[in-house]
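Please look through the sequence and the structure shown below before reading on.

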Amino acid sequence: MKIYNHLNTAGLSNTYIVVNEKNHEAIIVDPGQISEQIIEQIEVNSLKFTTVLITHNHKNHVEGLKTMMKIYSPSIYAADWEIEGNETIVLNGDGKIRLAGMTVHYMTLPGHTADSMVYKIGNVLFTGDTIGAGRIGSTNSSYSSHILKRNINEKILSQQESTVIMPGHGPPTSVRAEKLFNKDLDGIVYNNLNQPMKYF
């Protein structure tokens with residue numbers, strides 16, 4: 001598996017191309033902006049672009065989808081039907097599916113938005129705006145903040161510490177780095193970095 005990051009300069013969000021090197025099939029995560037570089041990468045490398053994964057329905061994460069659908073015919077997976085109407089395969093809860101010859105785990109993780117999803121391929125988490133390097137996603141209430149922190153604790157920080165986090169904004173990070181340095185995770189107590197955590 002190879003992962004390529006493209007920066008959406010309009011919304012300063014990340015678009016990821018995940019390539020299965022065995023069959024050259026590709027998944028795009030959060031097409032916020034489809035640039036000439038993305039199209040060129042798909043075409044020059046003869047990639048079979050089969051799938052789009054959406055972490056949440058915010059413009060700077062989905063705006064490029066209109067362009068993609070004019071050129072290709074990928075399957076679209078998200079938790080919000082409104083992203084592409086009947087073309088959207090709606091995911092609920094947690095589970096796993098086989099896409100582009102790779103196992104994709106998906107987890108609902110509301111808090112930043114009601115439809116926030118996190119995807120795991122191999123040892124990499126694509127977290128959208130739920131968590132990034134040194135921060136967590138914005139919320140519109142203290143209750144939403146509580147829910148987001150609880151979900152991050154249960155579904156992201158419980159992963160192996162070497163798990164890589166590819167966020168919707170900013171640089172890559174890891175589960176261990178966020179346990180150690182993320183100041184937004186107030187209220188989560190780490191008794192030991194290798195032990196379960198408790199939220200209060």
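## A hairpin and its neighbours

Strand E9 (residues 117–121) and strand E10 run antiparallel and are joined by 3 bridges; strands, like helices, are DSSP runs numbered from the N terminus, with at least two residues (E) for a strand and at least four (H or I) for a helix, and two strands pair if DSSP finds at least two bridges between them. Within this pairing, Tyr-119 has Phe-126 of E10 as its bridge partner, and Ile-121 stands opposite Val-124, also in E10. The two strands form a hairpin with 2 residues between them, and Gly-122 in the turn has a positive phi of about 65 degrees.

E10 also pairs with strand E13 (residues 164–167), here in the parallel sense and over 4 bridges, and the bridge partner of Gly-128 in E13 is Pro-167. These strands belong to an open sheet of 6 strands with mixed pairing, in the order E7-E8-E9-E10-E13-E14. Its edge strands are strand E7 (95–99) and strand E14 (173–174), each of which pairs on one side only.

## How the model should be read

This is a predicted model, in which local features need pLDDT of at least 70 and side-chain atom pairs count only at pLDDT 80 or more, while totals for chains, interfaces and linings use all residues. Residues are numbered from 1 along each chain as its sequence is written, and side-chain values use heavy atoms, with hydrogens and water left out.

The protein averages a pLDDT of 91, and 92% of the residues score at least 70; pLDDT is the predictor's confidence in each residue, on a scale from 0 to 100. Over residues 196–200, however, pLDDT stays under 50, and the model has 19 contacts for them beyond four places in sequence, a contact being heavy atoms within 4.5 Å. Where pLDDT is low, the predicted coordinates should not be read in detail.

Strand E10 (residues 124–128) is mostly covered, since 5 of its 5 residues are buried; buried means under 20% relative accessible area, exposed means over 50%, and partly exposed lies in between (1.4 Å probe, protein chains only). From E10, Val-124, Phe-126 and Gly-128 point one way and Leu-125 and Thr-127 the other way, and all are buried.

Ser-144 has its place in helix H4 (residues 142–156), and at 15% relative accessibility Ser-144 counts as buried. Leaving aside residues up to four places away in sequence, Ser-144 touches Gly-111 and Thr-139. Between the C-alpha atoms of Ser-144 and Thr-108, which are 36 residues apart along the chain, the separation is 14 Å.

Strand E5 (residues 75–78) pairs with E6 in the parallel sense over 3 bridges, and Ala-78 stands opposite Val-90 in E6.

In helix H1 (residues 36–44), Ile-38, Gln-41 and Ile-42 are buried. These residues cover an arc of only 95 degrees around the axis, which puts them on the same side of H1; the arc is that of the directions from the helix axis to the C-beta atoms. On the other side of H1, Glu-36, Gln-37 and Val-44 are exposed. The buried residues of H1 pack against strands E1 (2–8), E2 (13–20), E3 (25–29) and E4 (48–53), and against helix H3 (65–71). After H1 comes Ser-46, whose phi is positive, near 50 degrees.

## An aromatic pair

How many aromatic pairs does a search of the whole structure find? The search finds 2, where rings of Phe, Tyr and Trp (its six-membered ring) pair if their centres lie within 6.5 Å, with planes under 30 degrees apart counted as stacked, over 60 as edge-to-face and the rest as tilted. The rings of Phe-49 and Tyr-72 have centres 5.3 Å apart and planes at 85 degrees, so this pair is edge-to-face. The pair links distant parts of the chain, with Phe-49 in strand E4 and Tyr-72 in the loop between H3 and E5, 23 residues apart. Phe-49 counts as buried at 9% relative accessibility, and Tyr-72 is buried with a relative accessible area of 13%.
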